[in-house]
Amino acid sequence: MSESGGRYAHITGWGAHVPARAVTNQDLSQILPTSDAWIQERTGIVERHIAEEGEYTSTMAIHAGRQALKIANLDPSVLDLVICATSTPDYLMPNTASLIQDGLGAGNAAAFDLNTACSGFVYAVSVAAGLIKGGLYERILVIGAESMSRVMNWSDRSTCVLFGDGAGAVVLEASDRPGGVLSSKLGSDGSGGDLLMVGLGTRLPITQDSVARGETAMKMNGQQVFRFATRIMSEATKEVTALAGLQLADIDLIVPHQANTRILEVAAKQLGFAPGRIYSNVHRYGNTSAASIPLALVDALSEGRIRAGDHIVFVGFGGGLTWGACLVEWSFGPQDRHWSASQRALRWIRDRLARVKGGLHALDRKLAAAGRGRRKGDDGGPWRGLGPGQP
Ligand code: ACO
């Protein structure tokens, strides 16, 4: 693309969405043996947002994705790929990214989910940047979205007070202008898988009993995860900085996974950073797993904490055990992302057309299916009468 053939992956849009319902520590102390003082002192969390009935990982992600596309001033139809980082998908199948793709009207995009728990957003940005730099794709929407409240054991005070729901999104675009995602480092230690687990899956049948026994809900060894998190945050940050050919002194802001302010304080000390150079908004949302870094990014941007040319590190750690970091040279000031009234009007029309097109496509499929059903006499075919689990 440039004379040197350089191809870069820039973040050109961002968006966030959390459910309207905020649940405070005080609220939780009404239903659990816990207190606002304990939760704040041990974690820094003040409140978290919890999805209402009818609100899902995909619906939150669609809100966030729409905002990110708006800031990037892109029509959904120009997206090549949608990646949804989540460990709380709407279904095991279809994948949540495909639901998002349909909801946005991104009819030309491929779509897949990526599950590395709280490291998911960093993994997804790294994969997207690699696909763009390698020349396969031009524009990718990366979303971290979670409905953690749906996999909690609400009588286990050691886990349920920590987590919240939400979604954050970024658009990555190819450019020959240097900058964007400069380096990434991903890792995993599968031997620690049992330290942080949601047992839902094909190994553990979902029965009334397994749900009642709390076997399908989140289980965590908090102290061991704490030790792992503090070590990995500083190690991964140092590695990704060296890979980009930079020094720690060049890093303007770390936007880390938001699990616990004490983890961030220890990491700041290990890196020799003043606490202000590690962004935190865990008090607002709790731990939203794969959504936490993009939610923090959007808040940091709206607070004016990130300017064009800044070097930002995203660093995450979580179930797996997995971890990852990527270093981004930020390309735009917030003022560069304001579009004129006519550009906004054009985008509004394009969005509506894309949505109508998506609706017509779905209607067409339903009509065709109804037609086929009528032709067959709609008797359910050879599978008639067979229930789930039967061959
Ligand atoms: N309210 C009141 N008391 C509580 C609560 C609560 N919500 N939870 C636990 N306690 C009690 C315990 O029962 C224990 O009581 P005891 O001493 O009488 O036995 C006491 O508080 C201390 O418990 P610890 O587990 O030792 O508390 P700790 O200081 O380790 O803090 C915490 C627990 C906050 C979970 C901490 O270990 C932590 O943050 N760990 C990291 C967790 C994390 O980052 N997880 C997310 C990873 S990302 C992902 O992939 C999902």
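In the predicted model, S289 is found in the loop between α10 (282-285) and α11 (292-302); helices (H or I, at least four residues) and strands (E, at least two) are DSSP runs, numbered from the N terminus. S289 is not a glycine, yet has a positive phi of about 55°. With 33 C-beta neighbours inside 10 Å, S289 counts as buried. A residue is termed buried if 20 or more other C-beta atoms lie within 10 Å of its own, exposed if 12 or fewer, and partly exposed in between, with C-beta atoms placed from the backbone. Residues are numbered from 1 along each chain as its sequence is written. Because the model is predicted, local features need pLDDT of at least 70 and side-chain atom pairs count only at pLDDT 80 or more, whereas totals for chains, interfaces and linings use all residues.

A positive phi of about 55° is also found at N73, which is not a glycine either. N73 lies in the loop between α3 (57-72) and β4, just after α3.

Helix α3 itself has 16 residues, which at 1.5 Å a residue should span 22 Å, and its end C-alpha atoms are 22 Å apart, in agreement; the expected span is 1.5 Å times one less than the number of residues. Of the 16 residues of α3, 12 are buried, so the helix is largely enclosed by the rest of the structure. Among them are T57, S58, M60, H63 and A72. The buried residues of α3 pack against β1, β4, α4, β6 (139-147) and β7, where contact requires C-beta atoms, placed from the backbone, within 7 Å.

Two of these partners, β1 and β7, are themselves paired. Strand β1 (residues 8-17) is mostly covered, with 10 of its 10 residues buried. The pairing of β1 with strand β7 (residues 165-175) is antiparallel and runs over 9 bridges; strands pair if DSSP finds at least two bridges between them. Within this arrangement, H17 stands opposite A167 in β7.

The segment between β4 (81-85) and α4 (96-104) contains P94, and the peptide bond from M93 to P94 is cis, with omega near 5°. N95 lies in this loop as well, and with 21 C-beta neighbours inside 10 Å it counts as buried. Not counting residues up to four places away in sequence, N95 touches P89, A111, F112 and D113. The C-alpha atoms of N95 and S58 are separated by 9.6 Å, although the two residues are 37 apart along the chain. Helix α4 is mostly covered, 8 of its 9 residues being buried, including T96, A97, I100 and Q101. Just after α4, G105 takes a positive phi of about 75°.

In soluble globular proteins, nonpolar side chains tend to be buried together. Helix α5 reaches 20 Å from its first C-alpha to its last, close to the 20 Å expected at 1.5 Å a residue. It is followed by G135, whose phi is positive, near 90°. V82 touches A97, I100, Q101, A106, A109, A111 and L141, not counting residues up to four places away in sequence.

Of the 23 residues around the ligand, T34, C118, G222, A259 and G318 come nearest, a residue being near if its C-beta atom, placed from the backbone, lies within 6 Å. The elements that give two or more residues to this shell are α2 (36-43), α6 (157-160) and α8 (222-243), and the largest share, 5 residues, comes from α8. The shell divides into 11 nonpolar, 10 polar and 2 charged residues; Ala, Val, Leu, Ile, Met, Phe, Trp, Tyr, Cys and Pro count as nonpolar, Asp, Glu, Lys and Arg as charged, and the others, Gly among them, as polar.

Technical notes. Two residues are in contact if their C-beta atoms, placed from the backbone, lie within 7 Å.
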